[in-house]
Amino acid sequence: MTAGAIMQLALFTPLAGAVAIAVCGRRPNLRETATLVTAVLLFGLVAALVLREELTREPVVLVETLPGLSLALAAEPLGLLFALVASGLWILTSVYSIGYMRGNNESNQTRFYVCFAVSIAATMGVAFAANMFTLFVFYEALTLATYPLVTHKGNEEARQGGRTYLGLLLSTSIGFLLVALIWTWSAAGTLDFTAGGILRGKIDDSLLPWLLALYFFGIGKAALMPFHRWLPAAMVAPTPVSALLHAVAVVKAGVFTILKVTIYIFGIDLLRETDATSAMMWIAAFSLLAASLIALRKNNLKARLAYSTVSQLAYVTLGATLATAMGVMGGALQIAMHAMGKITLFFCAGAIYVATHKTEINDMDGLGRTMPFTYAAFFIAALSIIGLPPLGGSWSKWYLMLGAADAGQQVMIAVLMVSSLLNIAYLIPIPVRGFFFAGSGEPASPGVREAPLACVVPLCLTAAGSVLLFFYADPIYQLLLPITGQ
Amino acid sequence: MISEHLPVLQVVVPLLAGPVCLLLRRPSANWALAASVSWITLAIAVALLVEVRRAGPIIYQLGGWAAPWGIEYRIDHVNAFVLLIVSGVSAVVLLFARASVQREINNRRINIFYTGWLLCLTGLLGMTATGDAFNVFVFLEISSLATYLLISLHPDRRALSAAFHYLVLGTIGATFILIGIALLYMMTGTLNIVDLAAHLPPVAQTRTVAVAFSFLVIGIGIKAAAFPLHMWLPNAYAYAPSAVTALLAGTATKVAVYLLLRFLFSLFGPGLSFEQYLLDKILLPLAAVGIISMSVAAIYQTTAKKLLAYSSVAQIGYMLLGISLASVTGLTATVLHLFNHALIKSALFMAMGCVVYRIGTTQLASMAGLARCMPWTMAAFVAGGLSLIGVPLTVGFISKWYLILAALERGWMWLAALVVITSLLAVAYVWRVVEVAYFRHRESCAEVAEAPLSLLVPTWLMIAANYYFGVDASLTTGVAGRAAELLFGAAP
């Protein structure tokens, strides 16, 4: 099978899965089987694509909308990594959401699984997009497909959150990203992702920072301040949604797009030579620190994790704005590393909710003793987010530091260091309270009372994944090496 | 043999079918005649477009009398495209009309209704096809009178006052157009548009021609509901029978914009229109203000049909914006949006027709929670709404793309910003309906069922067209681009 055929199948499989799920709606066991089979199939397809020796660079054109502007797919290292992460974690999330949704007796489960599958299809489209237009189409599709998931509960709070979610993501993408797209098109005459960028000599140097700002703010999913409000608002969604979509698919689609734009539209060389990124770099740095500070003050566990995500996403944006090979590498690694860590944290938050119905951090004292596996996983993932070895997160931080050093941005090195301290400050107290504080009110409950197995197993696996990523980072590094142009 | 008479058959077939329709007394026979005639005109329009794309403009002399004495039909890329829009919208909406009209209109008047429909179609097609300025006026009157009739056939008494309002303003518009044409005739002694264009330069500097220009622009502006001459439109759309609203929204204002293009570019020429009369400078701010204010007005409506009507005025602003950019790309955007907006609005108004069929009103308050009872209808509204907003893979996106491209070409960043900001206003007003239909609570669906298939299928057909031409826009952009070049005189 050609790479093109596999990519089309990868796009088609989750859609077919969505249909199967809808058809099996009345028989939950069959429906969940459909989800799992689709997820495994999809992962197999993406893995097969990654393992192929040579990548076909020629894009596969699905349909030509306007002359020169087409929906097209292409396999490229960054996209492969993103697709691999998203499809791999979808399997675990599916297992987890079966445990969570049944454990909580949620309503409208069929709609939930259908939208989930459609969202994954859109994510695959984003990952394999061969040009900015295709990426934009799937980017918007992802927003629309995830909206019913965010408002799943259907109460006033969910509706409010959903409105913020849709409003911010749509208005930034139409208001800024689309303009940036058309501007690029009118200047360069193409939107194809091309190594080294397409804008060299096509647009006045003094305008580059403006175009860059349009792109970076337009990609609202990257949650760059001040357009980050949708992310905490979306936390009203059921936890599996937060876990996969808001730690992996949606937010990573955002920073993935930022990296794509930086590398293949502008080209890091052009950005470095013209110094067009400095303004965005400071905004990313601000976003990085400010979100951490807000996270410190949040008592709701999911809200704290949400702001932590805003902060961690800014790492990727910062990596892109450093416009050095190592900075981009750090940003790309962060996509995988943070995904693995953050999904574990969300799984843990969900497991705690299923087992105890607690959402506020100060109610969780002493829980570590009744839920040791969950808390151990939380602790490991937290260390990975902070960036301590021997956990995967340390690599992305390492390369970001290298990138900052290459770019001669000493201040940014300091920002990264301060941020790591802040990460410790807002993440570590949670397991510490869990293990060492006495439970308030009720007497220390005897024995272990974990969430359902379907919830606990995935989070242990992802926590183990964070450890594995430390030792097996090299294949990913090798996969990504072409994007740095070396 | 027939093929060479296609240009005139396009107009004559519905014209002759109209009176026949009046004689038929059975509603189903009326409908069958109107629908089959409308589909025949669509087939003719398609054949004409194919022929024009193959062999260039077609010139047809009525009765064999050579222009400028005889009346000449002249079909080029521009009006072949508009003929396709008009006959296509009419054909699809007629499929929808059978059940909708039966529910909304007194049974004894159904033959009058379909006669009016066919005459309205005749007028619209005639205005588009003809190359004779006075003939334009004749067909304009035919279509206008038929339209007043169609609107007033709705049993709601407010439809009468809406029709009367439209009648008064429409007559003023038509009179202005007539005065304009008469002044031009006075100066040049000819009525053929091509001939007029040739005779105009020697007298172009006279005040008479300037006055004729103003009369024509304002007169057509009224018919096109160009802001601020749009006052008749919201009520006319809101109180007309559902099928008529869908027809008018897709055709009437589109043909008026086409006339504006024809007069500005083919008759006066871009040099006179823009460099001497500075129309672009006048049109640009009016269009901009119109788009913003009408979009905002749409947000505050309490009736879905009125909301869409205000949105229509705003969308016409986009077409005028394209004209005022005075460039080939801008004009391409205008011609494209003619087509695309016809698809969008007729689909949306048909969806509203489904709602009226079941609950008798499009008051937002009565539509609470309707999506649970009429899932397919409301899904059609959402799909059409996305197109109205301009989400990629819809026709609305293609229009916005070209419009923004044209603005950037001129280096007017603020105009590009205006287009995207007003798209966001469109999000706001579409969302109002969506929120009411999907998120408000409704007691039960006992009395309200999904609309019948005879309404849903045409609605979804139009929605499908929205997406088909949004995914593969090569046909529409190709024709529109060529039409713009022709109008601008950039092509031979």
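Start by colouring chain A by domain: domain 1 covers 1–165 + 223–259 and domain 2 covers 277–486, with bounds from an automatic or database domain assignment. You're looking at a predicted model, where local features need pLDDT of at least 70, side-chain atom pairs count only at pLDDT 80 or more, and totals for chains, interfaces and linings use all residues. Residues are numbered from 1 along each chain as its sequence is written, while chains are lettered from A and ligands numbered from 1 in the order in which they are written.

Next, select the place where the two domains of chain A meet. Here 37 residues of domain 1 are in contact with 44 residues of domain 2 (contact: C-beta atoms, placed from the backbone, within 7 Å). On the domain 1 side, helix 3 (77–104), helix 8 (230–233) and helix 9 (239–266) each supply at least two residues (helices are DSSP runs of H or I, at least four residues; strands are runs of E, at least two; both are numbered from the N terminus).

Now bring up chain B. 18 residues of chain A are in contact with 20 residues of chain B. Helix 6 of chain A gives the most to chain A's side, with 10 residues.

Last stop: select helix 13 (325–356) and helix 15 (372–386) of chain A. Their axes, lines fitted to C-alpha atoms over the stretch in contact, come within 9 Å and cross at roughly 150°, with angles running from 0 to 180 degrees between N-to-C directions. The two helices are therefore roughly antiparallel (over 145 degrees). Among the residues that meet are M337(A) and H338(A) in helix 13 and T374(A) and A377(A) in helix 15.

Methods
Angles under 35 degrees count as roughly parallel, over 145 as roughly antiparallel, 65 to 115 as roughly perpendicular and the rest as oblique.
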